[in-house]
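Please read the following account alongside the sequence and the three-dimensional model. It begins at one residue and widens from there to the whole chain.

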Amino acid sequence: MAHVELSISEPLVPQARESIETLRLDNFQLWISAAAVALEPCLVIDQGLTIAAASPACCELLGLGDPGTVAGRPLLAGLRLVDFTAQRGELDENEIDKIPPLLALTSGRLARGLLRLAGAAENGPDDGTVDAIATPVWSGKRVTGSLTFFAPITTAFSTS
């Protein structure tokens, strides 16, 4: 017959190398730190629609330039957003307010949509299309920014 013996002991609690107080950062600051070094194309904007951080992959995908110089620039200054019509007209203010990074910021909810960027294609002046998924960044009970992940939309058709 099997015999099982149980005992109660003090839980093992690992000791932190730094005090908890030094690790307390604002939620917004944590996302800035994460986005700046992320491998995925992502960016964080603040309430003033200014880029707080952008990953190197995001800068390349959206044509924003050097990742080190992007922080502090207005989000819309480096992007030329166009509609999906054949005329490729620039988006008006009402349409721009509905792009995922801004919609997540103003609504406090998740937002997703496609963006067409004029001249953003990798090998030429053609347009590039990206799928954008944005979430608001909260500090306490208020939205302090938004975090957006981007994925390029490629159209590869086979004629075989």
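**From one residue to the fold**

Ile153 is located in strand S6, where helices (H or I, at least four residues) and strands (E, at least two) are DSSP runs numbered from the N terminus. The model is a predicted one, in which local features need pLDDT of at least 70 and side-chain atom pairs count only at pLDDT 80 or more, whereas totals for chains, interfaces and linings use all residues. Residues are numbered from 1 along each chain as its sequence is written, and side-chain values use heavy atoms, with hydrogens and water left out.

With a relative accessible area of 39%, Ile153 is partly exposed; buried means under 20%, exposed over 50%, and partly exposed in between (1.4 Å probe, protein chains only). Together with Phe84 and Leu114, Ile153 forms a nonpolar patch on the surface, and the three residues have about 290 Å² of accessible area together. Accessible areas are from the Shrake-Rupley method with a 1.4 Å probe, and for residues only the protein chains shown count as cover. Patches consist of residues with over 30% relative accessible area and no salt bridge, like charges being joined within 9 Å and nonpolar side chains (Val, Leu, Ile, Met, Phe, Trp, Tyr) within 5 Å.

Strand S6 belongs to an open sheet of six strands with antiparallel pairing, in the order S2-S1-S6-S5-S4-S3. The edges are strand S2 (51-54) and strand S3 (81-82), each of which pairs on one side only. Two strands count as paired if DSSP finds at least two bridges between them; strand S1 (residues 42-46) and strand S6 (residues 142-153) are joined in the antiparallel sense over five bridges. Within this sheet, Ile45 stands opposite Ser146 in S6.

Helix H6 (residues 100-107) lies across S1, strand S4 (111-117), strand S5 (128-139) and S6, and runs at about 155° to S6. Such angles run from 0 to 180 degrees between N-to-C directions, the axes being lines fitted to C-alpha atoms, for helices over the stretch in contact. Which residues of H6 are buried? They are Pro100, Pro101, Leu102, Ala104 and Leu105, and they pack against S1, H5, S4, S5 and S6, with contact meaning heavy atoms within 4.5 Å. After H6 comes Gly108, whose phi is positive, near 75°.

Positive phi values also occur in the loops. Most residues other than glycine have a negative phi, and most peptide bonds are trans. Leu49, although not a glycine, has a positive phi of about 60°; this residue is found in the loop between S1 and S2 and counts as partly exposed because its relative accessibility is 31%. Arg88 likewise has a positive phi, near 50°. Arg88 is placed in the loop between S3 and H5 and, at 33% relative accessibility, is partly exposed.

The loop between S3 and helix H5 (93-96) also holds Glu90, which is exposed, with a relative accessible area of 54%. Apart from its neighbours within four places in sequence, Glu90 is in contact with Arg80, Leu81 and Val82. Glu90 and Arg116 are 26 residues apart in sequence, while their C-alpha atoms are 9.8 Å apart in space.

How many salt bridges does a search of the whole structure find? There are two, a salt bridge being a side-chain nitrogen of Lys or Arg within 4 Å of a carboxyl oxygen of Asp or Glu. In one, Arg80 pairs with Glu90, and the closest N and O atoms are 2.9 Å apart. This pair links distant parts of the chain, ten residues apart: Arg80 is in the loop between helix H4 (67-70) and S3, and Glu90 in the loop between S3 and H5. Arg80 is partly exposed, at a relative accessible area of 39%. Arg112 forms a salt bridge with Asp131, with 2.5 Å between the closest N and O atoms. Here Arg112 in strand S4 and Asp131 in strand S5 are 19 residues apart, and the pair again links distant parts of the chain. Arg112 is exposed, at 61% relative accessible area, whereas Asp131 is buried, at 12%.

Finally, the chain as a whole. Its secondary structure comes to six helices and six strands, which follow the pattern α-α-β-β-α-α-β-α-α-β-β-β along the sequence. Of its 160 residues, 36% count as buried. Among contacts with a separation of 6 or more, 41% are between residues 24 or more positions apart. The accessible surface is about 10900 Å², of which 56% belongs to carbon and sulfur atoms.
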